[in-house]
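Please have a look at the model first.

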Amino acid sequence: MFSLRGDAHKIYLQLKKVSYKDRSFKCMKKLKEVEEIQNFYSSIDSDTLKKIYYCMIKEKNGSGIIPIIISSGPWLFFLFSKQLQDFLFKDGSLLWVVFILTYISILAISVFLHFHEKSWAFVHIEIIKEILHERKEISEKP
C-alpha cells in the first residue's frame, strides 16, 4: 500500500505485523541489516573506527555531486534558453514534452538518491558513535 508517511511508519507497520504473528523481531530484514552493520563495526579496533567515523561525517556533510547537478542544471538551461527553445519548439514539435519528463525524472531520482545516501551515512555514524561510547564507558570503569 502506498503511503506518504515515510519509512519510519513503514517499519512500525512491519513491526506491528510481526508482533501479531508472534514471530521474533530479529527475523525482519531491516533489523538484520542493522545488526550486521553493528557486528561488523564492533569487530574493528577503536582507532580505526574513529577514522571511519570521520569519513562517514565527511560523506554525510559533503555537498556531493548530486546537489551540484541539481543546482547547476537550471542555470545551464537558462544560459542556453534561446537555443533550447528554438530546438524544442521548432515546427510544432512535442520534443519539449520528452525533455520536461526526462528532466523531472532525473531530478526526482537524484534527490531521492541523495537523501537515501545521506540517511544511510547517518545510520552508520550513529552505530559507530554508540560503539565508541560503549567502549569508552567500559574503559573508564574502575
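Lys 129 is partly exposed, at 37% relative accessibility (buried means under 20%, exposed over 50% and partly exposed in between, with a 1.4 Å probe and protein chains only). This is a predicted model, in which local features need pLDDT of at least 70 and side-chain atom pairs count only at pLDDT 80 or more, while totals for chains, interfaces and linings use all residues. Residues are numbered from 1 along each chain as its sequence is written, and side-chain values use heavy atoms, leaving out hydrogens and water.

**Salt bridges**
- The structure holds two salt bridges (a side-chain nitrogen of Lys or Arg within 4 Å of a carboxyl oxygen of Asp or Glu).
- Lys 129 pairs with Glu 126 in one of them, at 3.3 Å, N to O.
- Glu 126 is partly exposed, with a relative accessible area of 32%.
- Glu 126 and Lys 129 are three residues apart in helix H6, so about one helical turn separates them.
- Asp 86 and Lys 82 form a salt bridge at 3.4 Å, N to O, and both lie in helix H5 (residues 81-89), four residues apart.
- Asp 86 is partly exposed at 42%, whereas Lys 82 is exposed at 53%.

**Helix H6**
- Helices are DSSP runs (H or I, at least four residues), numbered from the N terminus.
- Glu 140 lies in H6 (residues 95-140) and is exposed, with 54% relative accessibility.
- Buried residues in H6 include Ser 110, His 114, Ala 121 and Leu 132.

Technical notes. Helix = DSSP H or I, 4+ residues; strand = E, 2+ residues; numbered from the N terminus.
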